[in-house]
Amino acid sequence: MLLHTATSSNKQLQEATESNFRLQMSSKIRIEKTCMFCGEKFTAKTTVTKYCSHKCASRAYKVRAKEDKIQKATEQETENEILFNPIVNKKEFLSIKEACMLLGASRWTIYRMIEKGQLPAAKIGRRTIIQKVDIENLFNKAL
Ligand SMILES: [Zn+2]
């Protein structure tokens, strides 16, 4: 009888300690946060959690993926703009990039042509500039 009492009170003490420990542990890692997708308040378990739920996280991911796509399309559009831009087409001096676009050649090809002396180029600071007339002359030589 005495032994039983001691055991049960020990058990109670142990349970109390465990629940206290759990409480301490969980209170340490509970952070009030605002979901970056839906704006709802939620309790985060880690400091890096950004979203209230898996749903919000995957939705946010989809939005990001879409934005990346738009970004890439915008960059492509910028290249097209340079390529078909009448101002660029009227420019007398071209950057390597513009020369590549105009000729549909790679940067490497352009540099090799410059190195071989097939295409005159000038250095302006760190930039290499090609005179458009020299590109046109390439075709004149061929004739
Ligand atoms: Zn959310």
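Biologist: Which residue stands opposite Gln131 in strand 5?
Modeller: In this predicted model, Phe93 is the residue that faces Gln131 of strand 5.

Biologist: How many bridges join strand 3 to strand 5, and which way do the two run?
Modeller: Three bridges link strand 3 with strand 5, which covers residues 127-131. The two strands run antiparallel.

Biologist: And what holds paired strands together in general?
Modeller: Strands of a sheet pair through backbone hydrogen bonds, in either a parallel or an antiparallel manner.

Biologist: What is the order of the strands in the open sheet?
Modeller: The open sheet has three strands in the order 3-5-4, and the pairing is antiparallel.

Biologist: Which ones are the edge strands?
Modeller: The edge strands are strand 3, residues 93-95, and strand 4, residues 121-124. Each of them pairs on one side only.

Biologist: What does the twist average from one strand to the next?
Modeller: The average twist is 40° from one strand to the next.

Biologist: Now the helices. Which strands does helix 4 touch?
Modeller: Helix 4, made of residues 96-103, packs on the sheet and touches strand 3 and strand 5. The direction of helix 4 makes about 95° with that of strand 3.

Biologist: How many helices and strands are in the protein chain, and in what order do the elements run?
Modeller: The protein chain contains six helices and five strands. Starting at the N terminus, the elements follow the pattern α-β-β-α-α-β-α-α-β-β-α.

Biologist: What percentage of the residues is buried?
Modeller: Of the 143 residues in the protein chain, 6% are buried.

Biologist: And what share of the contacts joins residues 24 or more positions apart?
Modeller: Among contacts in the protein chain with a separation of 6 or more, such pairs account for 25%.

Notes: Residues are numbered from 1 along each chain as its sequence is written. This is a predicted model: local features need pLDDT of at least 70, side-chain atom pairs count only at pLDDT 80 or more; totals for chains, interfaces and linings use all residues. Two strands pair if DSSP finds at least two bridges between them. Helices (H or I, at least four residues) and strands (E, at least two) are DSSP runs, numbered from the N terminus. Axes are lines fitted to C-alpha atoms, for helices over the stretch in contact, and angles run from 0 to 180 degrees between N-to-C directions. Two residues are in contact if their C-beta atoms, placed from the backbone, lie within 7 Å. A residue is buried if 20 or more other C-beta atoms lie within 10 Å of its own, exposed if 12 or fewer, and partly exposed in between; C-beta atoms are placed from the backbone.
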